[in-house]
Amino acid sequence: MARKTSKATEKPSPDPIPARVDPCLATLVDKPPKGPDWAYEVKWDGYRLAVHIEAGRVRVLTRGGYDWTGKFPSIADDARRLAVKTAILDGEAVVLDDKGRSDFGMLQRALGRLPSPYEAGAIVFYAFDLLYLDGRDLRRLPLCERRRLLEPLVSGREGAIRLSEEVQADGDEFFRVACAHGLEGIIAKHVEKPYRSGRGEWWQKITCKRRGSFVIVGFEPSTVPGHLGRLLLAARKDGELVYVGGCGTGWSHDLSRELRNLLEGMVTRSPAVALRRKGAVFTEPVLVADVEYRAWTDDGKLRHASFKGIREREDEAGVFELEP
């Protein structure tokens with residue numbers, strides 16, 4: 001006679017692996033939160049990615065849900081070497097400069113359409129969260145538990161996938177040191193909170209300078225023939241593009257010429273924004289500039305904007321959105 005299996009001894013059925021997870025996004029605050037419930041990390045200056053390891057395949061998805069596996073071959077290859085059957089890693093793809101700092105412009109050139117000394121193999125993925133592991137959805141667990149499971153998988157590795165280290169420190173002091181070393185800022189995370197898609201207070205970012213991504217809608221030529229004088233930029237508002245000023249610094253002599261050549265191939269007679277500006281050359285709104293700036297003017301324009309990188313607009317989840 002067959003013996004019945006006790007429900008207490010039955011293995012729980014595995015959780016289905018999500019096809020995609022909307023990322024948890026950090027809220028910008030002025031000061032780091034304090035207390036033992038907060039852990040801190042370096043704010044990486046790169047592309048937010050989710051690495052999906054599934055039966056027979058690896059997918060690298062952008063924040064907006066685009067499959068960019070082909071753009072990050074070294075990350076996909078290294079993911080296949082991890083000691084897991086199925087997993088979803090949350091993290092940031094970066095290129096490091098000679099001082100170990102992530103540089104968005106270097107990453108763009110490694111990926112992009114401009115000439116670059118950096119190859120795709122120079123791109124490193126810093127994993128800072130684990131959302132799924134071998135049949136178990138981890139998002140309901142507190143961050144400290146997710147990190148406990150993540151660290152053995154990627155800690156100490158020197159390949160394309162590495163661990164984004166947590167720092168147990170005074171938040172104000174860590175922020176001061178981060179800014180002194182030329183980093184973009186820090187991230188503070190509540191160690192007892194589950195993983196929640198969207199923007200919330202459980203993850204907070206404190207930046208040394210403000211940063212945003214804006215659609216390039218045109219340019220002004222430089223007085224130097226063949227070079228770029230100023231990029232014309234737009235943000236999103238109520239589904240439309242709105243002009244938010246320009247950016248005239250942040251590129252080298254050679255990059256200025258390369259950007260000008262790139263934009264010359266996208267000139268249009270139909271501006272994407274309502275703007276009349278003498279000398280302006282309007283372009284198709286297909287590229288996005290990553291820009292560092294100090295503040296906004298009273299009439300809604302960027303103040304002291306400096307160019308940091310360029311990318312295609314196909315994944316526009318990160319384009320700056322103005323309040324309605």
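## Close-up views of salt bridges and a cavity

**View 1. Arg59 pairs with Glu54 in a salt bridge.** The closest N and O atoms of Arg59 and Glu54 are 2.9 Å apart. The model shown here, and in every view below, is predicted. Are the two partners buried or exposed? Arg59 is buried, with a relative accessible area of 12%. Glu54 is buried too, at 14%. The structure holds 28 salt bridges, and the Arg59 and Glu54 pair is one of them.

View 2. Arg176 is partly exposed, with a relative accessible area of 48%. Glu173 is also partly exposed, at 37%.

**View 3. Glu220 and Arg230 meet in a salt bridge between two strands.** Their N to O distance is 3.7 Å. Glu220 lies in strand S11, residues 210-221. Arg230 lies in strand S12, residues 228-237. The pair therefore ties together parts that are 10 residues apart in sequence. Glu220 is buried, at 15% relative accessibility. Arg230 counts as partly exposed, at 21%.

**View 4. Five residues join into one salt-bridge network.** Which residues belong to the network? They are Glu41, Arg147, Glu151, Glu166 and Lys189. Salt bridges that share partners link them. Side chains of opposite charge can pair when their charged atoms come close.

**View 5. The largest cavity holds about 100 Å³ of space.** The count comes to one cavity of 30 Å³ or more. How many residues line the largest cavity? The lining has 13 residues. Nearest the centre lie Val21, Pro23, Ala50, Thr62 and Arg63. Two elements each give two or more residues to this lining: strand S3 (47-54) and strand S4 (57-62). S3 supplies the largest share, three residues. By class, the lining has seven nonpolar, one polar and five charged residues.

Notes. Residues numbered from 1 in each chain as written. Predicted model: local features only at pLDDT ≥ 70, side-chain atom pairs only at ≥ 80, totals over all residues. Heavy atoms only, no water. Salt bridge = Lys/Arg side-chain N within 4 Å of Asp/Glu carboxyl O. Buried < 20%, exposed > 50% of the residue type's maximum accessible area, 1.4 Å probe, protein only. Helix = DSSP H or I, 4+ residues; strand = E, 2+ residues; numbered from the N terminus. 1 Å grid on protein atoms, 1.4 Å probe; cavity = no way out; pocket = protein on both sides within 12 Å on 5 of 7 lines; lining within 4 Å. Points joined across faces, edges and corners; volume = space filled by probe spheres on them. Nonpolar A, V, L, I, M, F, W, Y, C, P; charged D, E, K, R; others polar.
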